[in-house]
Amino acid sequence: MSVKPQDRVELFDLLFGMSWEDPASDRRALAIQPGETLLTVTSGACNTLTLLLEDPGKVYAVDINPSQSYLLELKCAAVRHLDYCELRAFLGLSPSDQRLQVFERLRGDLTAAALRYWTGKAEAVRKGVVHAGKYESFIRLFSRVLGVLQGKKRIDGLFRCETLEQQQDYFDRRWNTLQWRLLFKLFANKRVLARRGLTADYFKFDDGSSSFSESFLRRARRAMCEIPVESNYFLAQYLLAHYRSEEAVPAYLLRENLPIVRARLDRIKIVTSDAQSWLGRQPTSSIDAFSLSNICELMSREETGRLFAEVTRAARVGARVCFRNLMVPRGVPETLASEIELKEELSRELIAEDRSLVYSRVQALVVHSRSRSERRPVMTR
Ligand SMILES: C[S@@+](CC[C@H](N)C(=O)[O-])C[C@H]1O[C@@H](n2cnc3c(N)ncnc32)[C@H](O)[C@@H]1O
């Protein structure tokens, strides 16, 4: 069965140069065992690469948007061929005027389509690809305006807090200004986000909730008051548009982890497809863990039902699932509740500890049996 275009969004621009979801939540929810088979949504590629640290046997990195697949190809080539300092410089974590020359060393690893894509985006390569997504340019603008409104001294002061008590006190006394709240009215606003940070299509299945900026203001407060700021590399990106240290970065970029990730790169299979169609082509009982990002919000309710029916069919018994909601509270349909169990306690802990600021829900689930309606032979391509 093919997906009707009206049931899901079409995305083609590079939206994410880095991943904006906390992989610590996926690592905990998925409890990946060595050798297991995993499905991830590629997105900014950081989380797919970071999940290699769990020692999976195979990782299918699936994304509907070909640009995100090309990004993962390029990051894999960079991890494979560059040493630690070169990798940081090439991706855009440290200064370099040599990125286009380094790209020449990587081109041999790219598929013809990815090579064409990046050759046509020399400026993005020159500036560092982690900054190349539409969302990152939106965040750069946000942090520039924040810098003017809050000032460098006040932002630095937040990151100097050493305890959660200090953070809360700092937030209440120094941070929570009228300008801070106005900033959210200005930026955490669907119209602005659709135009500058994502694409209008991204909001196609939005549930129409009106308290968008209020809700994001609350989520930001939680990240600043209830989660240690020092190691929160997402907060650093949102407030400063760069990572603050070599230690507070996605785990695949840590010096000690790089050789491990490099040795496991061949386990990644890059797939450009919507996840539901791709799952429909996978053998029954073949996948152990599913990291689904918040893709359900970018499809209709019916299509979400189809996605989870395919998840239950393709899952091994006991498989784990992690997914998020940003705006729309969309998830496992009632009809599958007996087959997919929500881990309520764990899910509550995940959202409480999630460093990524923006999500309203992170859910951990376990698949107990296959969907009755989907016990059918595997479709061939
Ligand atoms: C849902 S977005 C969320 C991104 C998120 N904020 C992050 O941290 O990266 C993640 C990715 O999902 C992809 N995507 C959206 N719908 C999809 C679908 N049905 N199947 C596969 N990928 C999908 C998008 O192209 C995007 O790259």
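Let's start with a helix pair: helix 10 (residues 164-175) packs against helix 13 (residues 212-226) at an angle of about 135 degrees, with the axes 7 Å apart. That angle makes helix 10 oblique to helix 13, oblique being what is left once angles under 35 degrees count as roughly parallel, over 145 as roughly antiparallel and 65 to 115 as roughly perpendicular. Helices here are DSSP runs (H or I, at least four residues) numbered from the N terminus, and axes are lines fitted to C-alpha atoms over the stretch in contact, with angles running from 0 to 180 degrees between N-to-C directions.

Keep in mind that this is a predicted model, in which local features need pLDDT of at least 70 and side-chain atom pairs pLDDT 80 or more, while totals for chains, interfaces and linings use all residues. Numbering starts from 1 along each chain as its sequence is written, and side-chain values use heavy atoms, without hydrogens or water.

Now for the second pair. Helix 9 (residues 152-160) meets helix 14 (residues 233-240) at about 175 degrees, axes 12 Å apart, so these two are roughly antiparallel. Ile155, Leu158 and Phe159 of helix 9 touch Leu235, Ala236, Leu239 and Leu240 of helix 14, contact meaning heavy atoms within 4.5 Å. That set splits into seven nonpolar, no polar and no charged residues (Ala, Val, Leu, Ile, Met, Phe, Trp, Tyr, Cys and Pro are nonpolar, Asp, Glu, Lys and Arg charged, the others, Gly among them, polar).

On to the ligand. It is surrounded by 22 residues, the closest being Trp20, Ser43, Asp63, Ala275 and Tyr359; a residue is in this shell if one of its heavy atoms lies within 4 Å. The shell holds eleven nonpolar, eight polar and three charged residues. As for polar contacts (N or O pairs within 3.5 Å), a polar side-chain atom of Asp63 sits 2.6 Å from a ligand oxygen, and a backbone N or O atom of Ile64 lies 3.2 Å from a ligand nitrogen.

Definitions and conventions:
Polar contact = N/O pair within 3.5 Å; in protein donor to acceptor, adjacent residues only side chain to side chain.
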